[in-house]
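Open the model in your viewer and keep the sequence panel beside it. The tour goes from selection to selection.

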Amino acid sequence: MIRADSQPTNYHTEFTNGEHISTSDTTPGKGGANRGFRPHELLEAALATCMNMTVRMAADQQGIPLSSVSVTVSLNREEPGKPVFEYSVQFGGALSEAQKARLLSAGEKCPVRNTLSHPLRFIPCAQ
């Protein structure tokens, strides 16, 4: 669970899982001070980090000599009501095309992507 608490300056928000803390904000053009990740960037980060970890786990499990992986994710919201997550994956190490394909396939099955691929519901919790 994540808890988000307002901070003294406009829209600056601190969030925590009870162990780690980070901040979110909006751009100056929207009244913020750009003191943290924007909320949509956090969605991008959730997918990018999950894909990154999933690829590394798959490489470990399959004995693939992956030295590094870099995942970029961008949320394209140009078409109203039809957001698209655009991503790229760069592999480090002397990997064959078959190994890269296996790792890419694994990354595309990461838990966050699985969650985002299903219809979502929003339910308020009792206080």
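Two strands count as paired if DSSP finds at least two bridges between them. Helices (H or I, at least four residues) and strands (E, at least two) are DSSP runs, numbered from the N terminus. This is a predicted model: local features need pLDDT of at least 70, side-chain atom pairs count only at pLDDT 80 or more, and totals for chains, interfaces and linings use all residues. Residues are numbered from 1 along each chain as its sequence is written, and side-chain values use heavy atoms, with hydrogens and water left out.

**Stop 1: the sheet**

Select residues 13-16, strand β2, together with β3. They pair in the antiparallel sense over 4 bridges. Find Thr13: Ser24 in β3 stands opposite.

Step back to the whole sheet. It is open, with 3 strands in the order β1-β2-β3 and antiparallel pairing. β1 (3-6) and β3 (21-24) stand at the edges with a single partner strand each, so one side of each has no neighbour in the sheet. From one strand to the next, the twist averages 30°. Strands of a sheet pair through backbone hydrogen bonds, either parallel or antiparallel.

**Stop 2: the turns**

Select the hairpin of β2 and β3, which has 4 residues between the strands. Gly18 in this turn has a positive phi of about 95°.

Move to the hairpin of β1 and β2, with 6 residues between the strands. Select Tyr11 in the loop between β1 and β2. Its phi is near 65°, a positive value in a residue other than glycine. For accessibility, buried means under 20% relative accessible area, exposed over 50%, and partly exposed in between (1.4 Å probe, protein chains only). Tyr11 counts as exposed because its relative accessibility is 52%.

Show its contacts (heavy atoms within 4.5 Å). Leaving aside neighbours within four places in sequence, His12 is in contact with Asp5, Ser6, Gln7, Thr23, Ser24, Asp25 and Arg35.

**Stop 3: two loop residues**

Asn34 lies in the loop between β3 and α1. Asn34 has a positive phi of about 55°, although it is not a glycine. At 49% relative accessibility, Asn34 counts as partly exposed.

Jump to Gly93, in the loop between β5 (84-92) and α2. Gly93 is partly exposed, at 43% relative accessibility. Gly93 touches Pro65 and Ser67, not counting residues up to four places away in sequence.

**Stop 4: the helix pair**

Select helix α1 (residues 39-62) and helix α2 (residues 97-107). Their axes come within 8 Å and cross at roughly 130°. That makes α1 oblique to α2. Axes are lines fitted to C-alpha atoms, for helices over the stretch in contact, and angles run from 0 to 180 degrees between N-to-C directions. Angles under 35 degrees count as roughly parallel, over 145 as roughly antiparallel, 65 to 115 as roughly perpendicular and the rest as oblique.

Finish on the side chains. Which residues of α1 meet α2? Met51, Thr54, Val55, Ala58, Ala59 and Gln62 do, against Arg102, Leu103, Ala106 and Gly107 in α2.
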